[in-house]
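Subject: Handing over the model

Hello,

Here is the structure I promised to pass on to you. Please open it alongside this message, and my notes on what turned up follow below.

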Amino acid sequence: MMIIFLALFAIVAILALLEAWMYVLVHYPGILRLFSRRLQNSIGYLYIQGDRKIMQFQEGSGRYASDLGYTLNPGAFVFSEIEFSNEYFINSLGVRDAEESLCGPEIVFLGDSFALGWGVAQDETFVKLVEKKTGFKTLNTCVPSYGTVREMIMLRKVDLSRIRCLILQYCGDDYNENLLYFRNGNRPQLLRQETFQHLTRLHSKPKTYYPGKYLGLKMKKRYTEWFAKPTPLSQGPPPSHVDLFVHVLKQNADLLRDLPMIVFEMNGINQSNTFTQELRHRAARPDEPALIRNLRILDLTEHLEDRHFYVLDGHLNATGHRVVADLLVKTLAKEGLQKDKVCGR
């Protein structure tokens, strides 16, 4: 009996130590950065599933929009996480920029939370650094979790009377939104107001710690992996990320055909350039319209390192935004987009 008791005690002690170790790594990212990328990804999963808040579904941070599902809430709010705390100033369009930026911007940025500047101050985003370095008036229309479909809808709301360049950030998370658009006959599938309100109530609740929280998340993940249902056979391979991205752009050719466009992929600290390479191959095909052939496609994996990202959250830190801004400034200059030259519309 004593042996059983000691064995159970040892098991409980080991589990308690594992839980304590995971708690320390989640709450002290400076320590986590000392370890391998594999461990960082493992702990990052716990943070994302158990602690990270979703900005657009925080009370006072997001608002419902019938044609976009949601935008950010005009005014000011503070969004804080373990690794950062920043104030967001939102204009009447529902995007993170000054009200005056809505009037005749010369460079418009489209994207999701990465280009929004999730985790950095407003003047530290690569959008505003490009504005400062080039003298062009910029507009940041990026909203968390937007795919290419909603980015195009947002672009149609923008004053394009002085536009000289469009800069579009793609993320792998855009795929599902773009796929639904394709399958729905080029109609976007958007949140209903009741769903938005439900998600806001759900995600606005405090994410508190309780004993065994991280072990429970690990066990749930393993269970899901072990007992995952097999993917049903489909009729042929599904469309690729590039197939769907190009499809959305072509559906908006009336808006885009005369705009110089710079495109880059950003998926967080676990960088990939698969989309970038495939898009470059697509743009080189002579059967594609000029809209696609003329895309200026950047590979950020050649410039960004792990130190340019938050180790837990995975978004760009202020140093990373400076790297991206410098690359964009150089690219604009190479494309002849300078204040003393007329280009685009």
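First a term for the sheets: two strands count as paired if DSSP finds at least two bridges between them. Helices (H or I, at least four residues) and strands (E, at least two) are DSSP runs, numbered from the N terminus. Please bear in mind that this is a predicted model, in which local features need pLDDT of at least 70, side-chain atom pairs count only at pLDDT 80 or more, and totals for chains, interfaces and linings use all residues. Residues are numbered from 1 along each chain as its sequence is written, and side-chain values use heavy atoms, with hydrogens and water left out.

The hairpin

Strands β1 (residues 62-65) and β2 (residues 69-72) run antiparallel and are joined by four bridges. Three residues lie between them in this hairpin. Gly-62 has Leu-72 of β2 as its bridge partner.

The five-stranded sheet

There is also an open sheet of five strands, in the order β6-β5-β7-β8-β9 and with parallel pairing. Its edge strands are β6 and β9 (296-298), each of which pairs on one side only. From one strand to the next the twist averages 20°; angles run from 0 to 180 degrees between N-to-C directions, and axes are lines fitted to C-alpha atoms, for helices over the stretch in contact.

You can walk through the sheet pair by pair. β5 and β6 run parallel and share three bridges, with Ile-107 opposite Thr-138 in β6. On to β7: four bridges pair β5 with β7, again in the parallel sense, and here Leu-110 stands opposite Leu-168. Leu-168 also stands opposite Val-263 in β8, where five bridges join β7 (residues 165-170) to β8 in parallel.

The side chains of β5 are worth a look. Ile-107 and Phe-109 point one way, Val-108 and Leu-110 point the other way, and all are buried (buried is under 20% relative accessible area, exposed over 50%, partly exposed in between, with a 1.4 Å probe and protein chains only). Helix α10 (residues 241-251) lies across β7 and β8 and runs at about 150° to β7.

Helices α5 and α14

In α5 (residues 126-134), the buried residues are Phe-126, Val-127, Lys-128, Leu-129, Val-130 and Thr-134. Their cover includes β5 (107-110), α4 (113-116), β6 (138-140), β8 (261-265) and α14 (318-334).

What does His-321 touch, leaving aside its neighbours within four places in sequence? His-321 lies in α14 and is buried, with a relative accessible area of 1%. Its contacts (heavy atoms within 4.5 Å) are Phe-114, Gly-117, Val-120, Glu-124, Thr-125, Phe-126, Leu-129 and Leu-316.

Pocket and cavity

Both were found on a 1 Å grid over the protein atoms alone: a cavity is a set of points where a 1.4 Å probe fits but cannot get out, a pocket is an open set with protein on both sides within 12 Å along at least five of seven lines, and lining residues have an atom within 4 Å of a point. Grid points are joined across faces, edges and corners, and a volume is the space filled by probe spheres set on the points.

The largest pocket has a volume of about 1200 Å³. Its lining has 42 residues, with Arg-52, Gln-56, Ser-113, Ser-145 and Asp-173 nearest the centre. Helices α3 (37-50), α4, α7 (174-183) and α8 (193-203) each give at least two residues to that lining, and α3 has the largest share, seven residues. By class, the pocket lining has 17 nonpolar, 16 polar and nine charged residues (Ala, Val, Leu, Ile, Met, Phe, Trp, Tyr, Cys and Pro count as nonpolar, Asp, Glu, Lys and Arg as charged, and the others, Gly among them, as polar).

The whole structure holds one cavity of 30 Å³ or more. The largest cavity contains about 70 Å³ of space. Of its 13 lining residues, Glu-265, Met-266, Gln-271, Ser-272 and Thr-301 are closest to the centre. That lining divides into four nonpolar, seven polar and two charged residues.

One last spot

Tyr-28 sits in the loop between α1 (2-27) and α2 (29-32) and is partly exposed, with a relative accessible area of 49%.

Best wishes
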